[in-house]
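Hi everyone, thanks for making time.

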Amino acid sequence: MARKRPPRRQIGWLVPLAVLTALALAVVLARWGQTPSRSDWPDVRFVDITESSGIRFEHYSGATDRKLLPETMGSGVAVIDFDSDGRPDLLFVNSCPWPGLSGPSPPPTLRLYRNLGEGKFDDVTASLGLNVTCFGMGATVGDYDNDGWLDLFVTAVGGNRLFRNEQGQRFREVTTTARVGGPGGWPDRLPSEFFSWRRPLCWSSSAAWLDYDGDGWLDLFVCNYVTWSPAYDAQQGFHLATGERAYGPPRAFTGTQCFLYRNRGDGTFEDVSRSTGLEVSENGAPVGKSLGVIVCDVDDDGWPDIVVANDTTRNFFFHNVPDRRGGRRFQEIGEAIGVAYADRIARGAMGIDWGPGAAAGRNALLIGNFADEPNTFLVQQKPRQLTMADQATFEGIAGPSRPYLKFGLFFFDYDLDGWLDFLTCNGHLEPDIARAHAEQRYAQPVQLFRQHHQQPPRFAVVPESAIGSDLLQPIVGRGCAYLDVDGDGALDVVLTANGGPAKLFRNQNRTGNHWVRLHLEGDGKRSNRSAIGAKIVLEANGIEQRQEVASARGYLSQSELVVTFGLGKATKIDRVTIHWPGRAAGPPTVLTDLEVNRIHHLVQGK
């Protein structure tokens, strides 16, 4: 949410920069670790409703004593209103046993839960054709064929899957005809020989829909993690200090390239990764070890950029620029604009999100990193310019976030006061980590940071006394997403755990703050039907907020496409301006009479 910046006092040029820096640091250190008093926290509680909701998903990691790296990384969750009834449904991604090994019966599959209303869900996986077994990782949702029904793309080890939504009645797999499965599949040897397989298997992680060329059709960006095979992994000497086999670090594996599939508009896609500049190599070797992706228009030029979180190597910023033939391509400029590194080193980056106006009236990238590394909080230095700088310490984020291993994350306004807060979903990779590092734990609590929009530090960790104990129960956290389960305007939270049960938390907001929710729908010609890439500017009570419709946030996951604005105590919206995606989208839609405390379905051109 970008906000109009209040006037600041000008400081004379005679004051030495060193003095300014020392003063700023002193302010941060003086307030570091301080949290607002109990009376300052909003009256919001998160209550675990998993059992009463009917959600019974438990992730199967495929873990064995061989400790192969993919066993540690799943799983994701996606919010998808598959039947277009206005209630958000939930899709959970599952993994499976390695070939030749036994597992649970029946075998683990994807799981789709239909929202029945009033906080109740029904498992409709089999009836909709999604009882599919794969070594799944993540998912992303978008209407790629512009027929008005949200489709589903699932990433996995051994090949990805695209499912077309047939009018909310069934999902039909169209991976082969669409040509988006990625290279290879499972080895063509006997299952007993799987662990001796040396040829790399496709290992995709997060993915996102976007219309990169503005033609009105959703294209598909897919992150790939590392070059991996079971034989290479199993034969490495990864051990804990205590001598047991350990999961290997990403530095032990070669990087790989991301995929970009251009939508042809006829149900098929073309791999344009190389021709659009998305393959990044150094000395002939791929650089990327990609886990998270966010698509956002950082410089506000009307074209979506792609930001990728890489694990132990530099992050990518793919700037969307014209090519010589009148089309679009990308330039990777992460190092030049300050996105590639924090403190001049590569961190173990996992999830990523984009928060318009998350700090000081400017936009910010939030990146979750490995244990003993703080969150990265990259703030845009000037509006509509690309240069960014890490302000995690200055904003009160670095110190509290450092101990945890941060996977999933997202910006959201949990108390509906009009200022973006954020949540990180945490958990370690190594079950025996406490034996090697006494200060670490395998299961870890989430962290919820509230923005109190005063002088820095602007963010503070919300304590258990303010939100209740349910949300803070330790889990081996991975994916997370937000959604409004019950239509009350307050954003609820779903978390997934590696090898454990998913959790759903209802947001009990008693602040009395007002809100509005916008469900955008493109016309399917000038703009994609999902309105992914649309930018919304809301003005109320003299304050301007901004949000973008994004198909993927955080790690392996997707939150709802409906956009929620918290209004605080404002009871009237002065203006809403919608900039639709696509090069021929036409003028923005301007609305001045939207009612608060309700959802509005807004269709382009109507």
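Okay, let's start at L448, which you'll find in strand 26, residues 447-451. One thing to keep in mind as we go: this is a predicted model.

So, is L448 buried or exposed? Its relative accessible area is 1%, and the cut-off for buried is under 20%, so L448 counts as buried. Who's around it? Setting aside neighbours within four places in sequence, L448 is in contact with F46, F412, Y414, F422, L423, A460, V461, V462 and I467. And if you're looking for F370, that residue is 78 residues away from L448 in sequence and 17 Å away in space, going C-alpha to C-alpha.

Now, aromatics. How many aromatic pairs does the structure hold? There are 32 of them. One is F46 with Y414, a tilted pair, with 6.2 Å centre to centre and 35° between the planes. F46 belongs to strand 1 (residues 44-48), while Y414 is in the loop between strand 24 (406-412) and strand 25 (421-426), so this pair ties together parts that are 368 residues apart in sequence. F46 and Y414 are both buried, and, going back to where we began, both are among the contacts of L448.

Another pair to look at is Y212 and F330. Their ring centres are 5.8 Å apart and the planes sit at 40°, so that's a tilted pair too. Again, distant parts of the chain get linked: Y212 is in the loop between strand 10 (204-210) and strand 11 (219-224), F330 is in strand 19 (residues 328-332), and they're 118 residues apart. Both of these residues, Y212 and F330, are buried.

Rings also form a cluster here: ring pairs link W98, F135, W186, F194, F195, W203, Y225 and W228. Keep your eye on F195, because R66 lies over the face of that ring, at 3.8 Å from the ring centre. Elsewhere, R328 has its charged end over the ring of W303, 3.8 Å from the centre.

Last stop: T564, in strand 34 (residues 563-568). With 8% relative accessibility, T564 counts as buried. What does its side chain make a polar contact with? That would be the side chain of R517, at 2.7 Å. Not counting residues up to four places away in sequence, T564 touches L416, G489, L491, V516, R517 and Q547.

That's my tour, happy to take questions.

Technical notes: Residues are numbered from 1 along each chain as its sequence is written. This is a predicted model: local features need pLDDT of at least 70, side-chain atom pairs count only at pLDDT 80 or more; totals for chains, interfaces and linings use all residues. Side-chain values use heavy atoms; hydrogens and water are left out. Helices (H or I, at least four residues) and strands (E, at least two) are DSSP runs, numbered from the N terminus. Buried means under 20% relative accessible area, exposed over 50%, partly exposed in between (1.4 Å probe, protein chains only). Contact means heavy atoms within 4.5 Å. Rings of Phe, Tyr and Trp (its six-membered ring) pair if their centres lie within 6.5 Å; planes under 30 degrees apart count as stacked, over 60 as edge-to-face and the rest as tilted. A charge sits over a ring if NZ of Lys or CZ of Arg is within 6 Å of the ring centre and within 35 degrees of the ring normal. A polar contact is a pair of N or O atoms within 3.5 Å; within protein, one must be able to donate a hydrogen and the other to accept it, and residues adjacent in sequence count only if both atoms are side-chain atoms.
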